[in-house]
Amino acid sequence: MEPFLSRYIWTHTRKQQLWILLVVALSMVPYFLSFDLPKQIVNGPIQGAGFDGPEATQPFLAISFDLPFFGEVNLFSGFDLGREGMLLALSLVFLLLVIINGLFKFYINTYKGRLGERLLRRIRFELVDRVLRFPPGYLKRVKPAEISTMIKDEVEPMGGFTGDAFVQPALLGGQALTALIFILLQSFWLGIIAAVIVAVQAIIIPRMRRRLLVLGRERQLTARELSGRVSEIVDGIGTIRAHDTSNYERADIAARLGRIFQIRYDLYQWKFLVKFLNNFLAQVTPFLFYSIGGYFALQGRLDIGQLVAVIGAYKDLPGPLKELIDWDQARQDVQVKYAQVVEQFSVEPLIDPKVQAISVNPAAPLTGALAAVNLSVADDGGSKVVEHISLQIQPGEAVAITGGTSGGGEALAEAFGRLTWPATGRIVIGDADIHDLPEAVVGRRISYASSDVFAFQGSLGDNLLYGLKHAPLTEVAYEGDREVHRKWELVEAKLAGNPHYDLNSDWIDYQAAGATGPDDLFTKIRAVLDVVQLSNDVLALAVRSTIDPSEHEAFAGEIVAMRSALRQRLEAEKLSDLVVFFEPGSYNVEATVGENLLFGTVTDSNRWEMALEEHPFFKTVLKRAGLHETFYGMGLEIAENVVELFRDLPPDHPFFQQLTFMTAEEIPAYEALLQKVRGKPLEEVSEDDAIRIIRLCFGYIEPRHRFGLLTEDLMQKIVEARREFSDGLPADLVGIIEHYQPDRYMASSSILDNVLFGRIGHKHTDGSERIRAIVRDLFESLGLHNKVLVFGLDFDVGAGGKRLTSGQRQKLNLARALIRVSDFYIFNQPLLALDQRTQDQITRKAFAFLRDGERKPAILWVLANQDLTELFDRVAHFENGRLVRDEPVETRSTDSDYKELAS
Amino acid sequence: MLLKDEVEMLRRITLFSGLPPAKLKLLAFTSDRVMYSAGEDLFNQGDIGDAAYVILSGNADVLVSTPNGQLKVAEVEQNSIVGEIAILCNTPRTATVKTTTALEALRIRKDDFLKLLADFPEMAVEIMRVLADRLSQTTSELTEARSRVQRAEA
C-alpha cells in the first residue's frame with residue numbers, strides 16, 4: 001500500500017481536489033465583494049456620498065472598466081436610482097451575496113465530506129480486502145479485535161482529513177501570504193519582523209509537535225492493544241473465572257489504563273504548551289509593531305498611516321497561520337495513524353487478487369491427482385511438523401491417514417486444505433501448484449473440514465449453505481425506487497473502488513450442491529443432515545421454536561390436525577398416560593393450577609403480573625366461583641411448605657432451581673408475611689397480602705410438588721370457573737391470555753406444545769424423550785418432517801455458533817463440506833467432540849454418501865480410530881512428521897495377520 | 001402418594017434415617033417421583049450414572065451381564081436404594097436394574113444427592129457405613145468363592 005497518506009489521497013481524488021480548489025477560488029469572489037459592500041452602503045446611500053441633492057441619482061449595476069489602449073469600455077450604463085432606491089438595491093445585493101456565500105459553503109462542505117467518506121470507504125474496503133488475502137501464518141499472530149479497531153476507528157479521521165488535504169493549505173497559505181505581502185508593501189522592516197516571527201513559528205512549532213506525534217503513536221498502539229485485551233477477556237471469560245484469575249486481568253487492565261492515562265496526560269501537557277507558545281508568538285508580533293513601529297513613527301521614519309495599515313493587515317495574519325499550523329498538525333496526525341495501519345496491513349506475501357477473482361461459471365472437475373511433492377510444513381516456532389512428504393491421491397481414491405496427534409497427518413491435511421503454506425516443497429493438482437490455481441477452482445473442487453469449526457452468526461441453514469456462496473448467480477431485477485437506489489449503489493461503489501457484487505442476488509450455487517434449484521436443494525440438505533446425524537437435533541430445535549400461524553397458515557393447520565393423530569398413536573401403543581391432554585371440560589393434573597384456571601397460557605407476563613395485582617376482574621371471578629378462600633388457604637399451605645423447605649438454604653443453593661413458586665430472595669419476605677397472617681381469617685388480611693398468597697397457587701402442579709392440595713371437588717370448581725375467565729375477560733385484558741382451543745394453533749407456544757396440546761406426565765423418567773421420538777415418527781409418517789425441519793434451519797446459531805454444542809458445530813461443519821460437490825474431500829478429524837461410536841457411525845455414513853451414485857470423489861481422511869481403515873483403499877501412516885507406511889488396505893491386513901501368526 | 005408419605009418412606013431407609021425430617025422433605029421435594037411397569041429398566045449396565053433411586057413400592061432384579069448372558073445378583077424391594085455407587089464414584093452403572101412388578105421410585109439426581117452429602121456429613125458417614133458393610137459382605141463372599149475354586153482345583 002502507498003506509505004504516504006497525502007499521496008494516497010492525491011492518487012485517488014486528484015480530479016475532485018482540483019475541482020474543489022477551483023470552486024473555492026470562485027467562492028472568493030462573492031466573499032470579497034461582500035466585504036466591500038457594507039462600506040458602500042454606509043458611505044453611499046446612508047451618508048450621502050455621491051448624492052449631491054435630494055433628487056440626485058447614481059447608476060446601479062453599471063458595468064464598465066478601463067482597458068489599456070482602448071480606454072474606458074462601457075458595457076452597461078446601469079439603472080439610475082435615488083438614495084432610498086439605492087439603499088434597498090444594495091441591501092438586496094448584500095442579501096444575495098450572503099445567500100451565495102452560504103450556498104458556496106454548503107456545496108464545498110458537502111463535496112469535501114463526500115470526498116472524505118468515499119476515501120474512507122475505499123481505505124476500509126482495501127484493508128478488509130487485504131485481510132481476506134493475508135497469508136495464513138500472519139493471521140495466527142494478530143488479534144482480531146485489533147484488526148477491527150484499526151479498520152473501524154483508526155482510519156476514521158482520514159476521511160475527515162481528505163477534504164482538507166489540499167484545499168486547506170492552498171486557501172490558508174494564500175490568505176497568509178497575501179497578508180504578509182501587504183505588510184511588506186506597507187513597511188519593509190515591519191514586514192521582515194512579521195516574516196521572521198512567522199518563520200520561527202513555522203520551524204519551532206512543528207519540531208515541538210514531533211514529540212506530540214510520538215505520543216500520539218503510542219496512544220494509538222496502547223488503545224489498540226487495550227481493545228485486543230478486552231476482547232480477549234470476553235472470549236476467555238470461562239477460563240478466567242474457572243482459574244480465579246479475574247484479579248490478574250483487573251490488574252492488567254488497570255495497568256494498561258494507567259499507561260494510557262499517562263500518555264494522554266503527557267499529550268495534553270505538550271499540546272497546551274505548544275498552544276501557549278504559538279499564541280505567544282502570535283501576540284508578540286503586535287508588541288514589536290507597537291514598540292518598534294511606534295519608535296520609528298516617533299523618529300519620523302514611518303508615517304502613522306502606514307503603521308495603522310500594517311497593524312490592521314496583521315490582524316489577518318495569525319488566523320490563517322494558526323489554522324495552517326493546526327492543519328499541519330492534523331496532517332501529521334493522520335499520516336502517523338495511516339502509516340501505522342499500513343504497516344500492519346503490509347504483509348508479504350499477500351495472496352494475489354487474481355487467485356480470488358470472482359467466477360460465476362462452475363469450475364471444471366479436477367482431473368489430475370492431488371499430491372504433496374517433497375513437502376515440509378513448519379509450525380510457528382519454525383520446527384518442522386511434516387518433513388519431506390511425497391504423497392499422491394488419485395481421483396476417486398480413498399486414503400486414510402493414521403498416526404495420532406504428533407504423527408503429522410493433521411498438518412498434512414491442513415496443508416492440503418490450504419490452511420498452512422508449505423515451508424518447502426509443493427502441493428500440486430496435476431502439474432499446477434495449488435496456490436497458483438484460482439480459489440474459484442480449488443475452493444470449490446476441494447472440500448475441507450476439520451474439528452476446528454467456525455460458524456458465522458446467522459441461521460443454521462445459512463451456515464450449512466455457506467460453502468456454496470461463491471458468486472452472485474442471478475441478476476436481480478429492481479423496479480422503481482429500488483432500481484434508482486441500486487444504480488446509485490453501483491456508481492458509488494465504483495467511485496470508492498469497491499466491488500459491486502449484489503448481495504441480494506442468489507449466491508447459492510445449486511449445481512455445486514448437486515441440485516437444480518431452490519426446490520430440490522432441500523432433499524440434499526436433508527440427506528447430509530441425516531448423514532451427520534444432525535436431523536434430530538435440527539428437528540428438536542424446530543419443535544421448540546415458535547412460529548407465526550398467520551404466516552404459515554397451512555402448516556399450522558396440519559399441526560393442529562396432528563393432535564388427534566398423536567392421541568390415536570399413543571392409544572395404539574398403550575402409552576396414553578405419557579401425555580395429559582388439554583380438555584375443555586376436565587382438569588389437567590400435569591399443568592399448573594393457573595393454566596387450568598385460564599385454560600390458556602399467559603403471553604405477556606409483565607401485564608399479567610400487573611393485572612393480577614391491580615385488576616378487580618380476577619378477584620371478582622374467583623369470589624364468584626367460590627375459589628377465593630380456597631385459593632387463599634392453598635397459597636398459605638404452599639408458602640408454609642416452601643418456607644419450611646428452603647428457609648435454611650443459602651440463596652445460591654442449587655435446590656432453588658427446583659423452586660418455581662418464588663425466588664430465593666423472596667423467601668424471607670414470605671416468611672414475614674406468614675408470621676403476619678397466620679391464624680387470621682381472610683377478611684382481616686389486607687388485599688395485597690392476600691394476592692401475594694393466592695398467586696402462589698397458580699404455579700402448583702400436584703404430581704410434581706405433591707403437597708396434597710388438590711381435591712376432586714376443587715378441580716371441578718376450577719374447571720367450572722374457566723368459562724368465566726374466557727367469556728368475561730374485560731377488553732383491557734384481551735391479548736394477555738391465549739386460550740387453549742383444540743382446533744386452533746397457539747402462536748405463543750412452541751410447535752411441540754402445539755402438537756401435544758397437553759403436558760408430558762411426570763411419572764415416566766424418559767417421558768419427554770419418548771414423546772419426542774413418537775412425534776418425530778409421526779412427522780415422518782404424515783409427511784411433515786421436512787416442513788418442520790425448515791424451521792430448525794432458521795435457528796440462529798449465535799456468535800461463532802455458540803448456541804450450538806461443540807458436537808453439533810462439528811457435525812454442521814462436516815455437513816457444510818459434504819453438501820458441496822467436490823472432487824477431493826479432505827477430512828481432518830472433523831468430529832473430535834463426539835464419542836467414538838458416533839464418530840464411527842458418521843464416518844461410515846459419510847463414506848456411503850460420497851460413494852453413492854455416479855460420483856466417486858477422492859477422500860482423504862485423518863482418522864483417530866484404526867478400525868475404520870477397512871473403508872479405504874490405502875492407508876498412509878505417519879510418525880514424527882514422516883510418512884512411514886503407505887500401502888493398500890488388503891496387503892496391510894494380510895501382513896498383520898501374518899505378523900500375528902508369527903508372534 | 002404425598003410428600004409427607006415419601007418422607008415417611010425415606011425415614012425407613014437406613015441411609016437417611018439419621019437425617020432431620022425437614023431435610024428429608026427437601027430431598028423428597030427436589031426428587032422426581034417415577035413409575036415403571038413390570039419388565040422395564042431403571043438403568044442399564046454401562047450407562048453413565050445420573051441418579052439414584054429409592055424404591056417406594058414394587059420389586060426389581062439387579063442383573064449383571066456375563067459372557068453367558070445376564071446373571072441375577074440381587075433383588076431390591078421397597079425401602080431400598082439402588083444406583084448410588086455410580087453417582088458416588090462417577091463410574092458407569094455396574095449392573096442393570098429391571099423391574100419385576102410395577103414399581104414406584106423416587107429419583108434423586110446426582111447433583112442433589114452430592115449436595116446433600118456435602119451439607120450433611122452425618123449422611124456421608126452413614127453412606128460410608130453402608131458401603132463398608134457391603135464391602136465386607138462382598139469380601140467374605142469372594143473369600144468363600146476363592147476357597148471353593150481352590151478346593152475344586154485341588
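**Close-up views of a predicted two-chain model**

View 1. A:Ile99 belongs to helix α2 (residues 83-133) of chain A; helices (H or I, at least four residues) and strands (E, at least two) are DSSP runs, numbered from the N terminus. The relative accessible area of A:Ile99 is 46%, so this residue is partly exposed, on a scale where buried means under 20%, exposed over 50% and partly exposed in between (1.4 Å probe, protein chains only).

Residues are numbered from 1 along each chain as its sequence is written, and chains are lettered from A and ligands numbered from 1 in the order in which they are written. Local features need pLDDT of at least 70 and side-chain atom pairs count only at pLDDT 80 or more, whereas totals for chains, interfaces and linings use all residues; side-chain values use heavy atoms, with hydrogens and water left out.

View 2. A salt bridge places a side-chain nitrogen of Lys or Arg within 4 Å of a carboxyl oxygen of Asp or Glu, and the structure holds 57 of them over all chains. One of these pairs A:Glu671 with A:Arg647, with 3.9 Å between the closest N and O atoms. Because A:Glu671 lies in helix α23 (residues 666-677) and A:Arg647 in the loop between α22 (628-646) and α23, the pair ties together parts of chain A that are 24 residues apart in sequence. A:Glu671 is partly exposed at 27% relative accessibility, as is A:Arg647 at 43%. A:Lys676 forms a salt bridge with A:Asp689, where the closest N and O atoms are 2.8 Å apart. A:Lys676 lies in helix α23 and A:Asp689 in helix α24 (residues 687-694), so this pair ties together parts of chain A that are 13 residues apart in sequence. A:Lys676 is partly exposed at 49%, whereas A:Asp689 is buried at 8%.

View 3. The side chains of B:Glu6 and A:Arg706 meet in a salt bridge with an N to O distance of 2.6 Å. B:Glu6 lies in helix α1 (residues 3-12) of chain B and A:Arg706 in the loop between α25 (702-705) and α26 (712-727) of chain A, so the pair joins two chains. Both B:Glu6 and A:Arg706 are buried. Chain B has 6 helices and 8 strands, and 42% of its 154 residues count as buried. The C-alpha atoms of chain B fill a box of roughly 60 × 35 × 25 Å along the principal axes.

**View 4. A salt-bridge network and A:Pro144.** A network of salt bridges links A:Glu225, A:Arg229, A:Glu232, A:Glu249, A:Asp252 and A:Arg256. The C-alpha atoms of A:Glu232 and A:Pro144 are separated by 9.4 Å, with the two residues 88 apart along the chain. A:Pro144 is placed in helix α4 (residues 144-154) of chain A and counts as exposed at 66% relative accessibility.
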